[in-house]
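User: Please take a close look at one helix in this structure. I would like to know how it sits in its chain, and then what the rest of the assembly looks like.

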There are 2 protein chains.
Amino acid sequence: MKTIKDIAIEAKVSPGTVDRVLHNRPGVSLKTKEKVQKLLTKYNFEKNVFASTLAFKNKFTIATIIPSAKSEKEFWQEPDKGIKAAIKEIQKYGIETQCFYFDKYDLDSYEKAFEEMLKVNPNGVLMTPFFYKKTVELTAKLNAKKIPYVFINIDVESMDNIAFIGQNSYQSGYLAGKLLSLKLEDNKEVLIIRSKKYVDNHGAISSRIKGFLSYFKEKNTSVAVKEVYLETFDTDEVAMILAKEFSENEQLKGVFVPSSAAFKVAEYLETIPKKEISLIGYDSHEDNIKYLKNETIDFLISQNPYEQGYMGVKIIFEYLLFNKIPNKKYSSPIHIITKENSDYI
Amino acid sequence: MKTIKDIAIEAKVSPGTVDRVLHNRPGVSLKTKEKVQKLLTKYNFEKNVFASTLAFKNKFTIATIIPSAKSEKEFWQEPDKGIKAAIKEIQKYGIETQCFYFDKYDLDSYEKAFEEMLKVNPNGVLMTPFFYKKTVELTAKLNAKKIPYVFINIDVESMDNIAFIGQNSYQSGYLAGKLLSLKLEDNKEVLIIRSKKYVDNHGAISSRIKGFLSYFKEKNTSVAVKEVYLETFDTDEVAMILAKEFSENEQLKGVFVPSSAAFKVAEYLETIPKKEISLIGYDSHEDNIKYLKNETIDFLISQNPYEQGYMGVKIIFEYLLFNKIPNKKYSSPIHIITKENSDYI
DNA sequence: CTGAAAGCGCTTACAG
DNA sequence: CTGAAAGCGCTTACAG
């Protein structure tokens with residue numbers, strides 16, 4: 001293992017100069033630079049992270065921006081927990097961290113959080129690009145400042161994020177189709193319930209539905225699939241719509257909720273006589289798990305959101321400290337959760 | 001953030017003495033020791049890992065012992081890959097690692113690997129305690145030398161391992177019962193196929209079967225479950241036994257393989273006319289995945305063996321370097337793998 | 001453009 | 001039993 005000093009001696013320069021070349025700092029003649037660079041390459045030099053960090057006195061700040069979660073039960077609690085766990089770990093390496101949150105229904109709060117974040121001058125950013133257009137606009141500022149950023153949970157294609165961590169939504173919807181049809185007989189009907197609010201943003205939900213529809217198109221042509229759009233997704237609206245659908249259609253035996261709101265449907269199903277309705281949704285937060293455990297929800301598909309937050313922070317950390325280039329895309333798992341394995345995921 | 005120097009000044013001693021107290025090194029008077037310890041506790045002192053590691057010049061060796069895998073397709077390939085990945089990461093921290101392997105059918109090779117391992121004088125050991133009695137005998141040597149060790153995949157209760165990482169086998173078997181009955185009509189029969197070899201060691205397989213049986217006892221009493229024991233589990237024997245069972249029993253519609261050998265059963269099922277047999281097994285290695293993809297195997301239950309190896313090494317690493325005390329037990333996930341999510345686990 | 005030197009915080013061999 | 005000092009390998013402020 002070569003050290004900077006070794007290289008310096010061999011190149012007949014001082015350690016300071018090697019350091020300058022190594023980090024592309026200015027003030028080195030081209031000739032010296034080339035001479036040193038050649039040796040660095042020759043020996044495949046890797047600097048000692050411990051010595052480097054110790055001398056550098058850890059001046060990095062990492063900022064995170066994700067949607068806020070009001071309660072323990074909400075989905076966004078999980079990435080946040082992952083982020084916090086990673087922060088705790090890297091704190092001992094002297095990294096500063098600043099967490100920002102926005103209301104996922106409020107574009108302005110997204111922009112505001114972002115501006116606040118810029119003020120702390122982060123060296124790296126973890127974010128969930130919730131609103132497409134605004135994201136393009138805001139990340140341009142990061143690009144200008146050469147601040148690296150990682151997306152979690154939601155992806156935006158052809159941007160300059162150094163990495164994305166999230167699920168293949170199409171494939172997860174396809175799997176949902178398969179799981180729902182496990183208990184479905186021929187000629188039955190299936191309902192997809194989605195929120196109007198998300199039709200424009202959050203492309204993941206549309207992709208899930210596409211995948212879901214593909215499964216039935218490919219495999220199970222005798223099953224009819226119907227989509228309904230809800231305004232508010234509150235308890236009353238859900239009850240009203242479902243009551244209508246079930247009364248109009250005797251064959252309706254399955255419901256697919258491509259968001260994390262399956263528990264809303266479960267709530268309603270518990271108020272009506274047992275009808276053997278299969279219900280499948282996304283995300284294993286407390287509200288959903290409750291109905292999974294009493295088998296009103298049959299399956300949940302989960303993507304390990306905790307890990308998304310955790311990995312996201314770790315990726316930026318390693319990028320900054322160890323110069324480790326991440327993959328452009330990390331596929332989150334497509335986990336199948338049932339009553340029986342819900343405690344072991 | 002206090003440093004050793006800060007503490008030294010306040011205690012009116014030298015940094016060297018604080019270091020001695022911090023690491024319980026000999027040669028400090030009780031009085032001094034108490035004085036320093038009090039300050040250390042008061043400030044909740046955490047030493048700078050970078051400075052410490054740099055000065056210490058990383059003299060740690062970690063040893064691993066797991067069963068060998070002959071091919072890419074085998075289960076034990078995965079923990080090994082996880083181990084190798086972790087090793088690669090911690091190498092840059094200057095940790096030495098030595099990997100040892102044994103033949104899981106050969107008790108002597110287990111002992112031999114263990115003795116070889118002791119010769120390298122490791123500071124921490126990762127191992128799979130395959131053979132119960134021998135494990136008790138061998139780990140006693142580690143205890144005597146105060147070398148910490150972690151178990152992965154197989155647990156042995158009431159031993160002095162600092163941690164265990166593996167699956168709750170009972171619960172996974174219970175889930176297997178549920179999954180198998182999803183497509184099973186009333187009054188059908190289910191077969192459990194196991195190897196005689198593993199009846200004594202590898203308690204996990206027995207636990208899986210217990211969980212599996214419990215599910216049917218609790219939920220689905222109309223289904224009969226039968227167990228058969230194979231001698232060699234080779235292709236011919238599997239074919240012979242299955243041919244016999246299917247010919248004797250028209251109602252046989254499901255097969256449960258509580259080991260990683262489901263592909264052996266799948267191999268046979270492909271040779272006979274399509275009978276709508278549900279097949280469920282363990283572990284997503286290549287041989288199994290092949291039959292999962294063509295739907296001869298319906299479900300695989302997996303435990304993320306890669307992560308077991310990876311985490312195991314990381315736990316020892318953090319224990320040695322950062323003095324981080326691990327949990328006694330880490331539950332591996334109980335993942336449900338189907339054709340549709342097999343690329344996203 | 002370049003080098004010598006001090007410093008990051010901990011560890012250790014040496015002296016007493 | 002205790003301290004002073006050198007050293008781990010990199011970074012940086014300063015001098016030239």
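Analyst: The model is predicted.

The buried residues of α8(B) start with B:Ser169 and then run from B:Ser172 through B:Gly173, B:Tyr174, B:Leu175, B:Ala176, B:Gly177, B:Lys178 and B:Leu179 to B:Leu180. Among the elements of chain B that cover them are the helix α9 (203-219) and the strands β6 (189-195), β8 (252-256), β9 (278-282), β10 (299-302) and β12 (335-337).

In chain A, α8 (169-182) is one of the elements that give two or more residues to the side touching chain B, alongside α4 (49-56) and β12 (335-337). That contact joins 24 residues of chain A to 24 residues of chain B. On the chain A side, the residues divide into 12 nonpolar, seven polar and five charged.

As for domains, chain A is divided into domain 1 (4-47), domain 2 (61-166 + 305-332) and domain 3 (169-302). The centres of domain 1 and domain 3 of chain A are separated by 61 Å, taken over C-alpha atoms.

DNA strand D is surrounded by 26 residues, and the closest include A:Ile4, A:Gly16 and B:Gly16. Elements giving two or more residues to this surface are α1 (4-11), α2 (15-22) and α4 of chain A, and α2 (15-22) and α4 (49-56) of chain B. The largest share, five residues, comes from α4(A). By class, the surface near DNA strand D has 12 nonpolar, 10 polar and four charged residues.

Technical notes. Residues are numbered from 1 along each chain as its sequence is written. Chains are lettered from A and ligands numbered from 1 in the order in which they are written. This is a predicted model: local features need pLDDT of at least 70, side-chain atom pairs count only at pLDDT 80 or more; totals for chains, interfaces and linings use all residues. A residue is buried if 20 or more other C-beta atoms lie within 10 Å of its own, exposed if 12 or fewer, and partly exposed in between; C-beta atoms are placed from the backbone. Helices (H or I, at least four residues) and strands (E, at least two) are DSSP runs, numbered from the N terminus. Two residues are in contact if their C-beta atoms, placed from the backbone, lie within 7 Å. Ala, Val, Leu, Ile, Met, Phe, Trp, Tyr, Cys and Pro count as nonpolar, Asp, Glu, Lys and Arg as charged, and the others, Gly among them, as polar. Domain bounds come from an automatic or database domain assignment. A residue is near a molecule or strand if its C-beta atom, placed from the backbone, lies within 6 Å of it.
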